[in-house]
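Please open the model in your viewer and keep the sequence beside it. This tour tells you what to select next and what is there.

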Amino acid sequence: MTRGRWFTAIMIASTALACIFLILPLLALFLRTTPATLVSALGSPPARQALLLSLKTSTIAHVFILLVGTPVAYLLATSTFKGRKTLIALLELPLVLPPAVAGLALLAAFGRLGLLGGPLRAVGIQIAFTEAAVVLAIIFVASPFYIRQAVSTFEGVDPEVVAAARALGARPWHVFSRISLPLSLRGLGAGSALAWARGLGEFGATIMVAGSFPGVTRTLPLAIYAEFDRNLDTALALGALMVIVAGAVLMTTRVLSQNR
Amino acid sequence: MRAACLLVAVTMTLGACVRDEGSLIVFAASSFADVMRELAPGARINAAGSDTLASQIREGADADVFVSANESQAQALHAEGLLQAPAVFAHNRLVIIVPDDNPAEIERLEDLERPGVRIVVGAPGLPLGDYTRAGLASLGVTSILENAVSEEQSASAVVGKVALGEADAAFVYATDVASSGGRVRSIELPPNDVKITSTIAVVTETNRPEGARDLVASVLGERGRRALAVAGFTLP
C-alpha cells in the first residue's frame, strides 16, 4: 500500500469512528421512545414548568449579559492598559471551570455563610433557593461565552474606519453606536446565541446554589435529572428538546459567523 | 513508537469497558454509604439516592449488591427480575435537622410551619422524600411542605444543604446526622406511624455472585448487626 492511501484510510476510519461515537448517542435519544410519547411527555406538568422557568431565567440572565457584557467587551477590545490580557483571562475563566467549582465559588460568595452572605442578609436578601440564584448561576457560567466572542468581534472592526470617524469629529459614543456596533452585529449575535445555549444547559452550579424545586429553581437540565429517577419518558423528551434547541443555536451561530 | 502508543490507548479504552472480576460493586443508598464502606472494605461503593440507583440498575449498570433505603424500590426491581429476593436488614427513623447555629430558631415541629422558614426535603420518589411526606401526613402537618424550597435527589444532598447553612431545616434519617461532622443538630419528631424499612439484595445479573452473597450474609449476620447498631440503625 502506498503512503498516500494509508493516510486516507486512517482519515476515513477516524471520521467514521467519530460519527458513530458523537452522533449515535444523540440519535438513540430520539429512537428510545416514539414521537407521540415525546410530544405527550413534553406536555406533562413537570416538563412545562421546567420549560417556562428555563425560558424565563435564561432570558433575564441574557439581558444582563448583553447590557453589561457589550460595554465590557468594547472597552477590552478598544483600549490598551496594563493587565488587559490578565483581565481578559480572568473574565474567561468560568469557560473552563468545572460547573461544580462554579457552584462552590458562588456559594462562597453569595451563600448565607459566604463573603457577601452577611451583608445581603442584613438587608433581607437570601440568594439560595431562589430564581435569583438560578439567574446568577447562568450569568456566571454563560457571560464569558458572550464577552469572549464580543471582544474578538470588536477587535475585528477596521481601525481605519474608526480613525476616520474620529478625525471627522465623532464622539466615542457615536463611534460605538454608528460604526463599531453595526459592523459587529453578526459576531455579537453568534456570541449571544452561544451564551444563551450555555445558560439554558446550566446544571452543576444551579443545583448547588439554587437547589431543585418545581416551578422555582428546577430548570430543564435539573428536571431531566429529577425525571430520570421518576419518569424516563419525560427525561428523554426534555433531553430530545434540548438537542433540538442546541442544534438550532449552532445553526444560528454558523449562519451569523459566515459572510462577514 | 506511535503505533505502540495507539495500541496502548486502545487497549486501555477497551479494558475499561470489559466487566472485570475485580472487587465487588455495591449500589448503596447514600444513608448507608458509610456503614457499607465499613462492612465491605474492598468494595467499590456507588452512593446515591435509592431511586437513582434503581434507574441505573434498570439501565444495566454493573452492580452486585443493592442496598435500598426502602422496601418498595427493591421489591419493584425484584418483580422485574433484576434483583434476587430482598431482605429487610435495618430500620431507621426521621428527625428534623437544623444548622449548628440554628438561624431560624427551630425548636419543635410546629416551628417549621412559620412562614419564611426554608426547608429542604427529599424529592418525591426518593425513599426519604416519600417517608417525609408520609410522616408529615401522619402527624397532620403537611402544611409544612409549603415552606419547602428544594427537593433533593439524595439524603446526603439534603444534609449538605443544611450543613452549609443555606437551608433552615430539613427532614432526614436519624443516622444521617452523624455523617455531617457536627455541623447540624437534630430535633426528634413526635411519635408517628411511619416505619422506615431498608432492604438489601443481590443483583440478578451479578458478575461476582459469591462475593455478593457473602456480603449480604455478613450484613444480615452478627458483624453487620453490630456495625448497623453502632451507626444508629434499629435492627429487625
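Two strands count as paired if DSSP finds at least two bridges between them. Helices (H or I, at least four residues) and strands (E, at least two) are DSSP runs, numbered from the N terminus. This is a predicted model, in which local features need pLDDT of at least 70 and side-chain atom pairs count only at pLDDT 80 or more, while totals for chains, interfaces and linings use all residues. Residues are numbered from 1 along each chain as its sequence is written, chains are lettered from A and ligands numbered from 1 in the order in which they are written, and side-chain values use heavy atoms, with hydrogens and water left out.

**Stop 1: a parallel pair in chain B**

Select strand β6 (residues 119–122) of chain B. Four bridges join β6(B) to β7(B), and the two run parallel. Now pick G122(B): its bridge partner in β7(B) is E152(B). Is β7(B) buried or exposed? Buried means under 20% relative accessible area, exposed over 50%, and partly exposed in between (1.4 Å probe, protein chains only). Five of the five residues of β7 (residues 148–152) of chain B are buried, so the strand is largely enclosed by the rest of the structure.

**Stop 2: the open sheet**

Stay in chain B. Five strands form an open sheet in the order β2-β1-β3-β10-β4, with mixed pairing. Which strands stand at the edges? They are β2 (44–48) and β4 (87–92) of chain B; each has a single partner strand, so one side of each is left without a neighbour in the sheet. On average, neighbouring strands of this sheet are turned by 15° against each other, direction ignored.

Select β1 (residues 25–29) and β3 (residues 65–68) of chain B. They pair in the parallel sense over three bridges. A28(B) has V67(B) of β3(B) as its bridge partner. Contact means heavy atoms within 4.5 Å. Axes are lines fitted to C-alpha atoms, for helices over the stretch in contact, and angles run from 0 to 180 degrees between N-to-C directions.

**Stop 3: chain A**

Switch to chain A. Its secondary structure comes to twelve helices and zero strands. The C-alpha atoms fill a box of roughly 75 × 65 × 30 Å, taken along the principal axes. Of the 260 residues of chain A, 39% count as buried.

**Stop 4**

Select helix α4 (residues 84–92) of chain A. Which of its residues are buried? They are R84(A), I88(A) and E92(A). These cover an arc of only 70° around the axis, which puts them on the same side of α4(A). The arc is that of the directions from the helix axis to the C-beta atoms. On the other side of α4(A), T86(A) and L90(A) are exposed. The buried residues pack against α3 (45–78) and α7 of chain A.

The helices α4(A) and α7(A) pack at an angle of about 145°, with their axes 8 Å apart. From α4(A), the contact uses R84(A), I88(A), L91(A) and E92(A); from α7(A), P144(A), R148(A), V151(A) and E155(A).
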